[in-house]
Amino acid sequence: MPTPPKPQLPAALRDAMGANPWFASLPRPQREALLGAAELTHWRRGAMVFRQGDPVHAAGSGLYGLAAGMIKISTLRQDGREAILAVLEPGNWFGEISLIDGSPRTHDATALGALDLLVVPPEAFAQLMRDVVFANAMAALLAARVRGLYALMEDATLRGLRARVARRLITLSRGDATQSSEPRRRVFLSQEALAMMLGVTRQTLSRELNALAQEGMISLGYGQIEIVAFEALERCGTGG
């Protein structure tokens, strides 16, 4: 019997994927091929999409597209402390590194809430990579990730903590890994999670945030930070 066609991706989820700058930049044939190769899956809050060290061909593994919900990309230090590397929002694709080099997963990916997740199996991803246009697009995605990592290394080695906090808030306002051209005024992230991103204690971060608030750059709320003065915050981030 022929394989039944996959159900059409709901319009709301398709729109969420299309809002991502990288995905939107793909020509339509490559966008449709990527979506057509994916299976829509559902995950509960707290579920581990994958763990650091998981093999690339583990059950359910593949290239992932986040259609709804938020995912925490993190790693655990030897002393048990968690470092949050990024928070992914709808529209982001991730998990390509292990599919390209065949090595185990580099970090943990955890659902911060209920997820709608597209999964492209490794075999389907390999087929997509035979298309030069798609392969070039994946290279561009990886290049953007490397640029982001270089920026984080520069911040950690050359900038003071207040500048690092300011720069991370600006990054988060653009969707963190998404880096949309239009920033948002509100960053929906707990101070505890932001502290884990910066590798500082909650108390140390609180002092820096309160200082930025006193200078009129941000406003602090429960589970969110409002950016009141983007230009001033950007100047603070470049001030060293």
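Student: Is R159 buried or exposed, and what is its relative accessibility?

Tutor: A word on the basis comes before the residue itself. The model is predicted, so local features need pLDDT of at least 70 and side-chain atom pairs count only at pLDDT 80 or more, while totals for chains, interfaces and linings use all residues. Residues are numbered from 1 along each chain as its sequence is written, and side-chain values use heavy atoms, with hydrogens and water left out.

R159 counts as buried because its relative accessibility is 18%; buried means under 20% relative accessible area, exposed over 50%, and partly exposed in between, with a 1.4 Å probe and protein chains only. R159 sits in the loop between α6 (132–158) and α7 (161–173), where helices (H or I, at least four residues) and strands (E, at least two) are DSSP runs numbered from the N terminus. The side chain of R159 makes a polar contact of 2.8 Å with the side chain of E154, and a polar atom of the R159 side chain also lies 3.4 Å from the backbone oxygen of G237. Such a contact is a pair of N or O atoms within 3.5 Å; within protein, one must be able to donate a hydrogen and the other to accept it, and residues adjacent in sequence count only if both atoms are side-chain atoms.

Strands β10 and β11 (residues 224–227) run antiparallel and are joined by 4 bridges; two strands pair if DSSP finds at least two bridges between them. I218 has I227 in β11 as its bridge partner. Contact here means heavy atoms within 4.5 Å, and axes are lines fitted to C-alpha atoms, for helices over the stretch in contact, with angles from 0 to 180 degrees between N-to-C directions.

A second open sheet has 4 strands in the order β1-β8-β3-β6, again with antiparallel pairing. Here β1 (39–43) and β6 (93–94) stand at the edges, each with a single partner strand, so one side of each lacks a neighbour in the sheet. Helix α3 lies across β1, β3, β6 and β8, at about 105° to β8. In α3 (residues 28–37), Q30, L34, L35 and A37 are buried. They lie on the same side of α3 because they cover an arc of only 165° around the axis, the arc being that of the directions from the helix axis to the C-beta atoms. The face turned away from this buried side carries the exposed residues R28 and P29.

Finally, the axes of helix α8 (residues 191–198) and helix α9 (residues 202–214) come within 9 Å and cross at roughly 105°. That makes α8 roughly perpendicular to α9, given that angles under 35 degrees count as roughly parallel, over 145 as roughly antiparallel, 65 to 115 as roughly perpendicular and the rest as oblique. Where they meet, Q191, E192, L194, A195 and L198 in α8 contact R202, L205, S206 and L209 in α9.
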